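Hi,

Here is the structure we talked about, handed over for you to open in your viewer.

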Amino acid sequence: EELKRAIADANLKTQEYLDRITYLTKRHMEFFHDLVKEFYSDKTAGLQILNNEGVNKQRYNIEARISDDSGDGVNETKIFCFDWTLLTAQQHNNVRFIVHDNRIISETDPRQVATMFRIADRICREQDFQYILTINESSLDLLKKEMTEDEYDNLVMSNEVVKLDDTSNNGKLLGIQVDLKYE
């Protein structure tokens, strides 16, 4: 009974906190929504922050949604927008960068990938963040078709830090072959 009361008290305090910070959650929701609109003018989007009233260690359920996000490309765009929303919020952290691997763009339409680069460039310049993206050559080839040569050079080529390949260990990220034991 004491545990039930403690959980009920925690649920109450959490809801009171969420009610107190609606100005803040609204600002983040609008930021997320505005990012999504840069990709899809016709899709609905939003964030929902809910009190997780279950017996667990996760106090909040945060759900990001874009209509049609069951498709890989839209889902990856949703993750991109959500990650940038978290980074720009700077709530109780000093993290100043995001790292994405090629998965975030591999199933995404090249037009949206170009938009990702434009958004990342703009936010990084405005707020002094860093965006790290590993990207495969095939994705770069598709991206070239969606940007002018100058834009591609400015957003992609001038920001290339390291080029990795599989021709030798020297071309690998750590300079060695890492074999992970999955079994």
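Below is what turned up, going from helices to core, rings and cysteines.

First, the ground rules. This is a predicted model, so local features need pLDDT of at least 70 and side-chain atom pairs count only at pLDDT 80 or more, while totals for chains, interfaces and linings use all residues. Residues are numbered from 1 along each chain as its sequence is written, and side-chain values use heavy atoms, with hydrogens and water left out.

**Helix H5**

Helices (H or I, at least four residues) and strands (E, at least two) are DSSP runs, numbered from the N terminus. H5 covers residues 110-127, and its end C-alpha atoms are 25 Å apart; that agrees with the 26 Å its 18 residues should span at 1.5 Å a residue. The expected span is 1.5 Å times one less than the number of residues in the helix.

After H5 comes aspartate 128, with a positive phi near 60°.

I call a residue buried under 20% relative accessible area, exposed over 50% and partly exposed in between (1.4 Å probe, protein chains only). The buried residues of H5 include Val113, Met116, Phe117, Ile119 and Ile123. What do the buried residues of H5 pack against? Their partners are helices H2 (22-39), H3 (72-89), H4 (103-106), H6 (137-144) and H7 (149-155), together with strand E4 (130-133). Contact here means heavy atoms within 4.5 Å.

**Helix H3**

H3 is mostly covered, with 13 of its 18 residues buried. Just after H3, glutamine 90 has a positive phi of about 50°.

Threonine 88 sits in H3 and is buried, at 17% relative accessible area. Its side chain reaches the backbone oxygen of tryptophan 84 at 2.9 Å, and a polar atom of that threonine 88 side chain lies 3.3 Å from the backbone oxygen of threonine 85. Leaving aside neighbours within four places in sequence, threonine 88 is in contact with Phe31, Ile123, Gln127 and Phe129.

**The core**

A nonpolar core is a set of buried Ala, Val, Leu, Ile, Met, Phe, Trp, Tyr and Cys residues joined through side-chain atoms within 4.5 Å. The largest one has 34 residues, and Phe32, Phe80, Trp84, Phe117, Tyr131 and Leu143 have the most contacts inside it. H2, strand E2 (60-66), H3, H4, H5, E4, H6 and H7 each supply at least two of its residues, and H5 gives the largest share, 8 residues. Not counting residues up to four places away in sequence, tryptophan 84 touches Phe31, Leu35, Ile98, Ala120, Ile123, Cys124, Phe129 and Tyr131.

**Aromatic rings**

Rings of Phe, Tyr and Trp (its six-membered ring) pair if their centres lie within 6.5 Å; planes under 30 degrees apart count as stacked, over 60 as edge-to-face and the rest as tilted. There are 6 aromatic pairs in the structure. Phenylalanine 39 and tyrosine 40 have ring centres 6.2 Å apart and planes at 35°, so that pair is tilted. Phenylalanine 39 and phenylalanine 80 have centres 5.9 Å apart and planes at 80°, so they are edge-to-face. The latter pair links distant parts of the chain, with phenylalanine 39 in H2 and phenylalanine 80 in H3, 41 residues apart. Phe39, Tyr40, Phe80, Trp84 and Tyr131 form one aromatic cluster.

**Cysteines**

How many disulfides are there in the whole structure? The search finds 0, a disulfide being a pair of cysteine sulfur atoms within 2.5 Å. The sulfur of cysteine 81 has its closest cysteine sulfur in cysteine 124, 14 Å away, which is too far for a bond. Cysteine 81 is buried at 0% relative accessible area, and cysteine 124 counts as buried at 15%.

Happy browsing!

How values were computed: A polar contact is a pair of N or O atoms within 3.5 Å; within protein, one must be able to donate a hydrogen and the other to accept it, and residues adjacent in sequence count only if both atoms are side-chain atoms.
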